[in-house]
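The entries follow in the order in which I looked them up.

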Amino acid sequence: MKKNIILAFFLLAYTFSYAQSSTVKYDADKAIQFYFGPGAAYNNYKNLNHTLNDAGLPTVGKFALSSIGEIDLRHKNFLIGLTSAMGFSPKKNDSYNTSVFNFYTGVNAGYYIVNVNKFHLAPQLGIGLYSSAVKISQRNGFTDFNDVLINKNSVTINQNAPVLDFALKFDFADFSKAKTCLTGVRVGYKYGLSNRGWGIDETSNSTVDGSPEDRINQLYAMVTIGFALQKPIK
């Protein structure tokens, strides 16, 4: 008898809480959307690679593995949010290891020019800071560890540049639901707002005379997953 009373109590409590939650209404025109996903990118550090080649050093890789994270606020067809992305491009030969690590963070705004059923298409424009760090390490040519300590075996150079981020977002989700999963594809192009030199300190502003200068140009494609939460109506 006691067990039946306890079971009935929990069933009643669950029914009451479900009834309350089902009365919550949501604004289908307002939501917060989260995305993340992997992808690939193409960078062309033309002048840096030309300088490295002239010095008899290996050039850095053009193709990179990338990832992206984004959070947007949606009001009807309008989107505004924050985006961050990372990329890594390793390369090696018999004598050297080279790697490129880049990071982007910025703000963005977009508009769903197609916003029907479960398919949504939005052109998007962002502006942010794009940072690149290149490391070149010599693997051979040292007789002992003191040689490494005295002559070093690696150099790191970097660049920071403001960029525009042009993108097309293809989102597949049912925005009529209070919360829904998002899947999609994002293709884009980052364009540097100026030529920037490669530096050897945190300022990355051509602190060494003769530093090569490159304008950032990156083409990328991403597969994204995430979710959307509509705004509750109080």
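**Entry 1. Helix H2.** I began with the side of H2 on which Lys46, His50, Asn53 and Asp54 are exposed. The model is a predicted one, and I read each of these entries with that in mind.

I then turned to the other side of the helix. H2 covers residues 46-54, and within this run I found Leu48, Asn49 and Leu52 buried. Looking down the axis of H2, I noted that the buried residues fall within an arc of 95°, so they line one face of the helix.

Against which strands do the buried residues of H2 pack? I found three partners: strand E6 (119-138), strand E7 (154-172) and strand E10 (213-214). I also checked what follows the helix, and recorded Gly56, which has a positive phi, near 75°.

Arg186 pairs with Glu70 in a salt bridge, and I recorded 2.6 Å between the closest N and O atoms. Arg186 belongs to strand E8 (residues 179-192) and Glu70 to strand E2 (residues 63-75), so I looked up their separation as well: the pair links distant parts of the chain, 116 residues apart. I listed Arg186 and Glu70 both as buried.

Next I examined Asp72 and Lys169, whose side chains meet in a salt bridge with an N to O distance of 3.8 Å. Because Asp72 lies in strand E2 and Lys169 in strand E7, this pair ties together parts that are 97 residues apart in sequence. I found Asp72 buried, and Lys169 likewise.

I then returned to Arg186, whose side chain also meets that of Asp165 in a salt bridge, at 3.2 Å from N to O. Here Arg186 in strand E8 is joined to Asp165 in strand E7, 21 residues apart, and again distant parts of the chain are linked. Arg186 and Asp165 are both buried.

**Entry 2. The network.** Which residues are linked in a network of salt bridges? I listed Glu70, Asp72, Asp165, Lys169 and Arg186.

Notes. Residues numbered from 1 in each chain as written. Predicted model: local features only at pLDDT ≥ 70, side-chain atom pairs only at ≥ 80, totals over all residues. Heavy atoms only, no water. Buried < 20%, exposed > 50% of the residue type's maximum accessible area, 1.4 Å probe, protein only. Helix = DSSP H or I, 4+ residues; strand = E, 2+ residues; numbered from the N terminus. Arc of directions from axis to C-beta. Contact = heavy atoms within 4.5 Å. Salt bridge = Lys/Arg side-chain N within 4 Å of Asp/Glu carboxyl O.
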